[in-house]
Amino acid sequence: MSDQEKRAKTEVNKNQFLKMLRERKTLASDCKMHKIAYDFMADPRWRLLEEHERENAFQDYMDELAQKEKEEALKVKRENCEGFRLALENDLVKHNARCDAIRVQYKANVHYKELHPYDRISTFLDYIFDA
């Protein structure tokens, strides 16, 4: 078997291995290979790759998952910031409003509650300075 054929076969095997990982929806980016290996050992796709290749493919997939999780968290943060800002605009909050008064007024607001305290203040200040 030539080197090119070996590389092609390895690539096909890697794709099958990654497909197996993607089918498991419960995996998160903080999973460790040694902790989930037992769950996958019965699947023949687990053994398609050599140990080193398997570890590299697993780490690549975990990096991919981490990037997706980060992008999703950023999307949710943006949506919540926009929702909170829209609530401020709809309520015609004045530029001299105090942070503590806003905290009391919006403590039941879904978007406000989901934001990190820093993001709450940052969104509020952006609104105030833009007004």
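The tour starts with the ground rules and then goes from stop to stop.

**Ground rules**

This is a predicted model, in which local features need pLDDT of at least 70, side-chain atom pairs count only at pLDDT 80 or more, and totals for chains, interfaces and linings use all residues. Residues are numbered from 1 along each chain as its sequence is written, and side-chain values use heavy atoms, with hydrogens and water left out.

**Stop 1: helix α2**

Select residues 33-40, which form helix α2. Helices here are DSSP runs of H or I with at least four residues, strands are runs of E with at least two, and both are numbered from the N terminus. Colour Met33, Ile36, Ala37 and Phe40: these are the buried residues of α2. Buried means under 20% relative accessible area, exposed means over 50%, and partly exposed lies in between, with a 1.4 Å probe and protein chains only.

Why do they sit on the same side of α2? They cover an arc of only 130 degrees around the axis, which puts them there. The arc is taken from the directions that run from the helix axis to the C-beta atoms. An α-helix has 3.6 residues a turn, so residues three or four places apart point the same way.

The face away from the buried side carries the exposed residues His34, Lys35 and Tyr38.

**Stop 2: the nonpolar cores**

Select Phe17, Leu21, Leu27 and Phe58. Within the largest nonpolar core, of 17 residues, these four touch the most other members. A nonpolar core is a set of buried Ala, Val, Leu, Ile, Met, Phe, Trp, Tyr and Cys residues joined through side-chain atoms within 4.5 Å. The elements that give two or more residues to this core are α1, α2 and α3. α3 gives the most, with 5 residues.

Another core, of 12 residues, lies apart from it; among its members are Phe84, Leu88, Ile102 and Tyr106.

Go back to Leu27 and show its contacts (heavy atoms within 4.5 Å). Leu27 touches Leu21, Ile36, Phe40, Tyr61, Met62 and Leu65, not counting residues up to four places away in sequence.

**Stop 3: the rings**

How many aromatic pairs are there? The count comes to 4. Rings of Phe, Tyr and Trp (its six-membered ring) pair if their centres lie within 6.5 Å; planes under 30 degrees apart count as stacked, over 60 as edge-to-face and the rest as tilted.

Select Phe17 and Trp46. Their ring centres are 5.6 Å apart and their planes meet at 45 degrees, so the pair is tilted. The pair links distant parts of the chain: Phe17 is in helix α1, Trp46 is in the loop between α2 and α3, and they are 29 residues apart.

Relative accessibility is 0% for Phe17, 3% for Phe40 and 4% for Trp46.

Two charges come next. The charged end of Arg24 sits over the ring of Phe40, 4.4 Å from its centre. Arg120 lies over the face of Tyr112, at 4.5 Å from the ring centre. The rule asks for NZ of Lys or CZ of Arg within 6 Å of the ring centre and within 35 degrees of the ring normal.

**Stop 4: the cysteines**

Select Cys81 and Cys99. The structure holds 0 disulfides (pairs of cysteine sulfur atoms within 2.5 Å). The sulfur of Cys99 is 14 Å from the closest cysteine sulfur, in Cys81, too far for a bond. Cys81 is buried at 19% relative accessible area, while Cys99 is partly exposed at 34%.

**Stop 5**

Select Thr123, in helix α6 (residues 117-130). Thr123 is buried, with a relative accessible area of 7%. Beyond residues up to four places away in sequence, Thr123 touches Cys81, Phe84, Arg85 and Leu115.

Finish at Asp91, in the loop between α3 and α4 (99-106). Asp91 is partly exposed, at 43% relative accessible area. Not counting residues up to four places away in sequence, Asp91 touches Gln105 and Tyr106.
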